[in-house]
Amino acid sequence: MKKLKFGIIGCGGIANCKHMPAYKKLSDDVEMCAFCDIIEERAVKANAEFGGGKGKVFTDYRDLLKEPLDAVCVCTPNCSHSEITVAALDAGKNVMCEKPMAINYAEAQAMIAAQKRSGKLLTIGYQNRYRPEVQYMKAEADKGVFGEVYFARAKAIRRRAVPTWGVFLDEEKQGGGPLIDIGTHALDLTLYTMNNYKPKYAVGTTYHKLNDQHDTANAWGDWDPEKFTVEDSAFGFVVMEDGATISVDASWALNHDEPGEAQTMLCGTKAGARICDDGKLRINGVNNGRQYITTPDFGAGGVAFFDGAAADPEVIEAQTFINAMRGNGELTVLPEQAAVVTRILDAIYESAKTGKPVFFEEK
């Protein structure tokens, strides 16, 4: 079978630690043959390591899009996700865009419009959906094990792990801090397992309480207070159209002794479930007049997501995209779903600025 030709736009951290290694493991299906970064040395390095030195190197994504590629992977700062994705779709490329979908909801809508007019595939890099405990929780929710899920919590809390490299602390380029960076994963998992994408209104608060501190014990060294322009913590409360409520907690630096990220908790009329930081899933309820808690064993085999696919979520994510491109399956992360995540994040930020709830109107 002919290999699919991929281009990588943005050869920084997320491309090097997630996307390019995943596609390299799937080299029977994919050839990475074009690399773009505004810092040419990074594209050259990526080509050498992941393209065998045979690919083409670019510093302008527009030039890369002129190449006969089947797909591109957008791994740039949040502020350019929409611009590059729209251009790639209009150029006839399928697109895997790293999370969050866009810096705001308006730009996410532009991406969906481009996908519809192009007829190409668009998916967003929410790889945590492919973790075994998440897939198990989703299957139980879909079977009605939890009953009506009316309360959920999306948790992305770090005690002291502020990313001090790249543009993470730059509000203009990123659109925000921990809420849009790691909170987006937790919220995506929550909406996905609930299968509820109809928000009614949201209330939010953001905090800049620890930005100016020194001697921080931060995992990646002290941050520069002058450059720390995004929030250090953000919290939201979302009410869905069916009355369900979701609590959203996101922080890079919080005096909290039980940190954990990309976690979700569902509480329903029949049972509840919580994903813990150690990868365990705890399901609770009442049976035969007794309270119970069960913890499925994810180290005891089970059905593979794909035959021959590695268990790493980022590899399964890449394989899912490849299979959909070949017509051998459906996308797991739909752009319409990812846009709802961005819409809610937008509302939490807006509410934090205005001090008022933000109501969602049909658009």
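Two rings of Phe, Tyr or Trp count as a pair when their centres lie within 6.5 Å, taking the six-membered ring in the case of Trp. With that rule in hand, let us walk through this structure, which is a predicted model.

Under this rule, the count of aromatic pairs is nine. Let us begin with Phe6 and Tyr23, whose ring centres are 4.7 Å apart and whose planes make an angle of 50 degrees. Why is this pair called tilted? Planes under 30 degrees apart would be stacked and those over 60 would be edge-to-face, so the 50 degrees between Phe6 and Tyr23 make the pair tilted.

Where do these two residues sit in the chain? Phe6 belongs to strand β1, residues 4–9, while Tyr23 belongs to helix α1, residues 13–25. They are 17 residues apart, and their pair links distant parts of the chain. Phe6 has a relative accessible area of 0%, so Phe6 is buried. Tyr23 counts as buried because its relative accessibility is 2%. Ring pairs also bring in another residue: Phe6, Tyr23 and Phe321 are linked into a cluster.

Now turn to Trp165 and Phe168. Their ring centres are 5.5 Å apart with the planes at 75 degrees, so this pair is edge-to-face. Trp165 is partly exposed, with 41% relative accessible area.

Look at Tyr192: the charged end of Lys138 sits over its ring, 4.8 Å from the centre.

Next, find Leu169 in the loop between β7 (149–157) and α7 (171–174). Is Leu169 buried or exposed? Its relative accessibility is 8%, so Leu169 counts as buried. Which residues does Leu169 touch, once neighbours within four places in sequence are left aside? Its contacts are Val162, Pro163, Trp223, Lys227, Phe228, Thr229, Val230 and Trp252.

Our last stop is Gln337, in helix α10, which covers residues 335–354. Buried means under 20% relative accessible area, and Gln337 has 15%, so Gln337 is buried. Apart from neighbours within four places in sequence, Gln337 is in contact with Arg129, Tyr197 and Thr332.

Technical notes
Residues are numbered from 1 along each chain as its sequence is written. This is a predicted model: local features need pLDDT of at least 70, side-chain atom pairs count only at pLDDT 80 or more; totals for chains, interfaces and linings use all residues. Side-chain values use heavy atoms; hydrogens and water are left out. Helices (H or I, at least four residues) and strands (E, at least two) are DSSP runs, numbered from the N terminus. Buried means under 20% relative accessible area, exposed over 50%, partly exposed in between (1.4 Å probe, protein chains only). A charge sits over a ring if NZ of Lys or CZ of Arg is within 6 Å of the ring centre and within 35 degrees of the ring normal. Contact means heavy atoms within 4.5 Å.
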